[in-house]
Amino acid sequence: MKKLTNRYLFFTSLLLVWIIVAQAKIWPEYLFPSPIGVGERLIDGFKDRSFIIGTLASLRRIGIGYGISMLIGITMGIIIGRNNYLNETLGSLITGLQTLPSICWLPLSILWFGLNEKAIIFVILMGALLAITTATIAGVKNISPIYIKAGKNMGAKEFDLFRTILLPASLPNIITGLKQGWSFAWRALMAGELLYVNLGLGQLLMMGRELNDMNQVIAVMLILIFIGLTFDRLLFAKLERAVRKRWGYEA
Amino acid sequence: MTSPSNGLEIELVVQEMPHNIYDLNDISVTQDKICLNRKSGYGGKLIIDKVSKAYQIRGDKLVQVIEDIDIEIEEGEFVSLVGPSGCGKSTLLNIIAGLEKPDSGVVWSNIRAKGCKDHNRLLIFQEAALFPWLTVYENVAYGLRIRKYPKEQCNQLVIKYLELVNLLNFKESYIHQLSGGMKQRVALARALVLEPEILLMDEPFAALDIKTRKDMYQLLLNIWQATKKTILFITHNVEEALILSNRILVMNSHPGVIKSEHKLNGQYPRSLEDENLQEIKKRILQEFIDDLNIDVEQGGNVNEEVN
């Protein structure tokens with residue numbers, strides 16, 4: 001409770017300081033906007049639906065790209081984790097590729113797909129894929145062999161093992177990978193949208209710059225923070241806690 | 001019975017026997033608590049015929065883990081295999097369970113039904129090996145669900161066996177909420193629900209405290225006497241073997257061979273104060289000491305290297 005009060009006080013005073021500094025008009029408004037202006041821009045943006053359309057466009061892209069990388073990443077991770085040969089070869093390739101910042105896939109992607117939706121989705125996919133795959137491989141390799149032994153002894157075939165043991169047993173690791181993959185994908189999306197793409201939050205941000213509209217820039221940044229927090233703190237953190245609790249890692 | 005193969009070929013032989021296979025659809029829970037639908041007199045016999053296995057360690061060094069193991073176990077018998085740790089007991093058990101292949105030799109046992117190979121022999125491990133992501137109920141139902149049992153029938157069987165091990169009240173619990181003894185009871189139920197003919201137990205009670213262990217002995221003996229399952233029980237605890245089994249086989253290490261056999265009378269419950277048992281215990285312990293001496297003479301610490 002005290003923690004909450006502290007936090008509340010902190011953010012209120014931060015807002016107050018912001019209002020006071022903005023009122024002092026030390027810098028021109030297009031460099032240092034007032035929170036009131038930002039608030040108005042936010043409301044306008046939602047009223048004329050431009051922010052809603054932008055947010056939905058961005059979420060749609062990340063939804064598709066991230067969804068595909070989730071499917072491929074988990075499947076690939078389990079297959080590679082189960083196979084020593086693949087792990088030594090493909091596994092090391094993936095570790096190598098992971099050092100590449102995901103936006104670096106953009107030039108390749110544009111050449112392959114052209115300046116369109118597919119290109120940005122590919123970049124998102126590559127951003128999340130490697131993190132998810134690596135985490136899944138680690139998860140599968142950490143599974144106690146006795147679970148697999150017990151499963152086989154009770155009659156599980158390879159596909160049963162995949163479904164009933166390998167996947168659930170590596171879930172704690174997979175969720176860590178999903179969380180990391182999400183933040184990579186989110187960054188890749190923003191970078192891509194800032195660079196060239198039509199519609200989306202990144203483009204709204206860029207538009208704010210071009211129109212010298214600092215209010216819009218800050219407003220969009222606030223939306224980005226809000227979405228980031230929603231997914232990271234609410235969705236992934238909750239999922240992680242639920243899994244850890246069920247597995248007995250945490251009381 | 002001898003193997004028709006040249007002894008080098010590894011195979012589990014499906015014996016064609018003119019008897020009814022188990023009818024898995026005929027399960028009634030309304031009968032006695034432990035009701036079994038045994039329709040044939042076959043099934044529980046286990047023959048281990050000259051089984052050998054070597055492991056390669058550190059490049060080219062080959063260590064003979066078990067050598068020429070010959071064991072014949074009658075249906076409904078409770079046989080204990082005792083020996084020092086690292087003598088290859090677990091390897092032998094894995095081979096019998098079909099999880100590892102022997103270098104030579106054959107394991108013979110009746111197979112419940114075609115296409116269902118190995119499932120008449122179920123393993124119970126020291127660490128219980130229950131799945132922490134499933135509830136107690138789901139753990140016990142695991143094998144049935146793999147076999148795509150109808151929901152209703154699966155439910156009946158799971159409840160029946162959870163009742164048998166007195167854990168029905170815990171069916172919605174997660175594994176980490178259970179004590180060590182309860183975990184082993186779940187493991188027992190999870191194996192029994194598949195109605196195996198043979199239970200292979202790999203030091204199942206080694207990690208339990210004395211009180212819990214004694215309860216588990218009683219439970220296991222009750223289940224054994226009610227179901228007449230064949231049990232091969234591995235332990236390094238001689239007293240445990242004396243309390244539980246019909247017959248004790250003593251295993252030596254490096255290489256693992258069966259050194260001696262001790263028959264026990266069929267009377268239960270047993271007391272360790274019994275002179276007869278005391279005598280057998282002394283003999284077995286003496287064999288362990290002899291084994292140890294030979295080991296020291298050979299200067300072999302192969303054991304540790306394997307581990």
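Predicted model: local features only at pLDDT ≥ 70, side-chain atom pairs only at ≥ 80, totals over all residues.
## Confidence of the model

Over residues 1-42 of chain B, pLDDT stays under 50, and the model has 52 contacts beyond four places in sequence for this stretch. Across chain B the average pLDDT is 76, and 78% of the residues score at least 70. Within chain B, confidence is lowest in strand β1 (residues 12-13), where the mean is 32, and highest in α2(B), where it is 93.

For chain A the mean pLDDT is 90, and 99% of the residues reach 70 or more. Among the elements of chain A, helix α11 (residues 214-247) has the lowest mean pLDDT, 89, while helix α3 (residues 50-82) has the highest, 94. The scores for the model are ipTM 0.76 and pTM 0.77.

## Overall make-up of chain B

Chain B contains 8 helices and 10 strands, and 40% of its 307 residues count as buried. When contacts in chain B between residues at least 6 apart in sequence are considered, 73% of them join residues at least 24 apart.

## The contact between the chains

Between the two chains, 19 residues of chain B are in contact with 16 residues of chain A. On the side of chain B that touches chain A, the elements that give two or more residues are β6 (121-124) and α2 (136-146) of chain B, and α2(B) gives the most, with 3 residues. Sorted by class, this side of chain B has 14 nonpolar, 3 polar and 2 charged residues.

## Helix α2 of chain B

Is α2(B) mostly covered or mostly open? The helix is mostly covered, with 8 of its 11 residues buried. These buried residues are B:Val136, B:Tyr137, B:Asn139, B:Val140, B:Ala141, B:Tyr142, B:Gly143 and B:Leu144, and they pack against α3 (151-164) and α4 (180-192) of chain B. After α2(B) comes B:Lys148, which has a positive phi, near 55°.

## The nonpolar cores

The largest nonpolar core has 121 residues, of which A:Ile124 and B:Ala189 touch the most other members. Helix α6 (residues 117-142) of chain A gives the most to this core, with 16 residues. In chain B, domain 1 (12-120 + 197-306) and domain 2 (130-195) both give residues to the core, so it lies between them. Another core, of 11 residues, lies apart from the largest one, and its members include A:Phe51, A:Leu201, A:Leu205 and A:Val220.

Which residues does B:Ala189 touch, not counting residues up to four places away in sequence? They are B:Val140, B:Tyr161, B:Leu162, B:Leu164, B:Val165 and B:Leu167; of these, B:Val140 is also one of the buried residues of α2(B). A further residue, B:Leu192, is found in helix α4 of chain B. B:Leu192 counts as buried because 23 other C-beta atoms lie within 10 Å, and the cut-off for a buried residue is 20 or more. The C-alpha atoms of B:Leu192 and B:Ile48, which are 144 residues apart along the chain, are separated by 23 Å.

Strand β9 (residues 247-252) and strand β10 (residues 257-263) of chain B run antiparallel and are joined by 6 bridges. The two strands form a hairpin with 4 residues between them, and in the turn B:His254 has a positive phi of about 50°. B:Arg247 stands opposite B:Lys263 in β10(B).

B:Leu264 is found in the loop between β10 and α7 (275-298) of chain B.

Definitions and conventions
Residues numbered from 1 in each chain as written. Chains lettered and ligands numbered in written order. Contact = placed C-beta atoms within 7 Å. Nonpolar A, V, L, I, M, F, W, Y, C, P; charged D, E, K, R; others polar. Core = buried A, V, L, I, M, F, W, Y, C linked by C-beta atoms within 7 Å. Buried ≥ 20, exposed ≤ 12 C-beta atoms within 10 Å, placed from the backbone. Domains from an automatic or database assignment. pLDDT = per-residue confidence, 0-100. Pairing = 2+ DSSP bridges.
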